[in-house]
Amino acid sequence: MAAAQKHVLRVYVERDTALKLTLLERPKSVEELKEIIQERFKPRLDGDFSLHYEDPDFDGDLCLLVDIQELPEKGTLRVVRPESDTFSTASSDTDILPHVPAIQRQKSWPDEFVVPSFGYEMDHILEEGNRVYEESGKLLKLKRSQKSEILKKMAETIYSFKAYAHDKELAMTAQALIRAHPCLRMTAGEDGALGWKRHMGYKLASYRNNLAKAGVAEVAINTGRRSRNNPNNDHPHQNIKKARKAEVNYITNLPKDQTPASLEKMREQIMHEVEKTERNYLVIGKLMDTTYALRRQEIVGAVVAPRVRDVVDRWPALLMESQMVAEFHRINNVNLRTQFYKELDRHTPRLITLFRDKAIKTGKIAEELAKRALVLRALPVYLREDASTLFRTCDSADGPDLTDTPVALLTVVTDDTTDSALFSPESICIVVEDEILVNGPTNLADSFLLLFGYIYALDLQYPKKLELTFTFIQKVVMCLEDNKPLKGRLLTLKNDLFNE
């Protein structure tokens with residue numbers, strides 16, 4: 001019997017990002033290989049893409065991988081996306097998923113931090129230092145300039161993932177540094193990375209300050225705060241505008257070849273296209289891609305947060321389901337619908353088991369059990385949160401009072417029963433800031449994911465009474481990890497979910 005064929009592949013998931021993939025046997029098809037790559041490298045890959053390999057018959061030029069038998073045992077694959085990723089839905093719209101422009105951040109914080117190269121000379125010094133440390137346990141003494149060189153490169157690498165890193169993330173980078181170069185321990189004990197963590201925090205702050213002076217929007221937005229010359233301005237550490245829900249591209253600079261005036265003309269063109277009876281979704285998608293930076297500066301960069309109605313009046317394409325999904329992709333580089341349903345379906349059986357166990361003990365939530373929609377309805381109940389303001393129901397002839405409703409899903413029914421509200425509603429409206437923003441799909445799960453997308457697209461905060469529920473969707477379902485510690489009930493649910 002022939003031995004299984006092992007494959008060692010270098011997969012370029014982005015132009016400058018290559019990841020190693022080892023397969024113990026050849027996949028049965030190209031589609032199976034794509035599924036393996038998506039699962040192995042999530043959430044970097046979503047939507048449609050093709051695989052190209054370097055064909056030795058053509059001096060290493062790229063060829064489309066159509067036949068799985070052409071997969072090399074050792075070689076390079078490149079992920080190639082179409083000009084616009086498209087994902088068909090049951091709605092009349094088409095989800096147009098944009099490429100993330102090169103000027104934007106394309107990667108979220110990694111599960112394992114990879115220490116960068118520090119240049120030929122510095123890498124050589126560290127290699128020698130590591131050799132001496134292994135032989136004698138002697139630590140490397142760095143000159144001030146050498147230490148500054150290392151810290152600067154580390155700060156640049158940290159910033160490539162996140163502008164404002166948490167203590168946990170700084171500790172991760174410091175630990176990675178001394179694992180890669182044990183000669184850099186500041187002490188001989190277990191806390192050898194503690195000093196590096198502190199220095200990296202200072203260096204990252206200094207790096208942000210330099211970028212702010214250079215006009216980088218992500219950090220320049222927080223300049224002009226209280227100082228000796230401006231004693232009445234906001235405190236430097238209060239109300240910092242930064243990604244708080246693991247956004248990858250929270251706010252960006254305008255494209256280099258565009259000005260506010262040219263982008264404003266594009267915005268007006270978008271409004272004109274949206275008003276047409278037969279919309280050109282491809283044109284709208286491309287214009288929304290180009291104007292993303294202007295839109296985020298208006299939403300995030302304003303001194304006073306604009307009203308949601310004012311935002312969607314200026315950017316009516318955000319009321320299109322396809323463009324809301326695309327906007328979420330621009331912000332997080334993650335396909336909202338694909339990721340939401342993939343992880344929700346994966347966790348549904350275990351969640352239902354947990355809900356039933358609790359129902360037996362407490363007598364609650366038994367009526368909430370079923371697939372997707374019922375899991376979403378039962379989740380806040382399990383987490384002991386009040387979902388009455390989120391899931392609202394009304395008779396079609398009698399609209400409810402929406403005062404003090406930051407976000408909600410308003411289900412309109414003709415038959416006042418639980419089954420009707422869950423399975424056959426007349427419509428489901430997405431409510432934001434006390435008014436109906438848009439009529440969503442009649443499927444509760446679809447409407448919920450659109451509401452979650454609007455929270456990101458409009459830079460809204462999670463409802464205080466449902467913070468655990470939305471944090472669960474963010475971290476467990478959407479895999480958008482911000483490395484903040486989980487609260488007790490949510491941590492318990494996550495542990496129960498993954499420790500079957």
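In α2, the buried residues (under 20% relative accessible area, with a 1.4 Å probe and protein chains only) are M122, D123, L126, G129 and N130. They sit on the same side of α2 because they cover an arc of only 120° around the axis. That arc is taken from the directions from the helix axis to the C-beta atoms.

This is a predicted model: local features need pLDDT of at least 70, side-chain atom pairs count only at pLDDT 80 or more, and totals for chains, interfaces and linings use all residues. Residues are numbered from 1 along each chain as its sequence is written, and side-chain values use heavy atoms, without hydrogens and water.

**Helix α2**
- α2 spans residues 120-136, 17 residues in total. Helices (H or I, at least four residues) and strands (E, at least two) are DSSP runs, numbered from the N terminus.
- From first C-alpha to last, α2 reaches 24 Å, close to the 24 Å expected at 1.5 Å a residue. The expected span is 1.5 Å times one less than the number of residues.
- The face turned away from the buried side carries Y120, E121, E127, E135 and S136, which are exposed (over 50% relative accessible area; partly exposed lies in between).
- The cover over the buried residues of α2 includes α3 (144-161) and α4 (167-180).

**Helix α7**
- α7 (residues 260-275) has 16 residues and reaches 23 Å, close to the expected 22 Å.
- Its buried residues are L263, M266, R267, I270, E273 and V274. They lie on the same side of α7, because their arc is only 120°.
- K265 and E275 are exposed on the face turned away.
- α8 (281-290), α9 (292-299) and α10 (308-314) are among the elements covering the buried residues of α7.

**Helix pair α13 and α15**
- The axes of α13 (residues 372-382) and α15 come within 8 Å and cross at roughly 55°.

**Positive phi in two loops**
- Most residues other than glycine have a negative phi.
- D404 has a positive phi near 60°. It lies in the loop between β8 (391-395) and β9 (407-413) and is exposed, at 66% relative accessibility.
- D459 has a positive phi near 55°. It lies in the loop between α15 (444-457) and α16 (467-477) and is buried, at 18%.

Technical notes:
Contact = heavy atoms within 4.5 Å. Axes fitted to C-alpha atoms, helices over the stretch in contact; angles between N-to-C directions.
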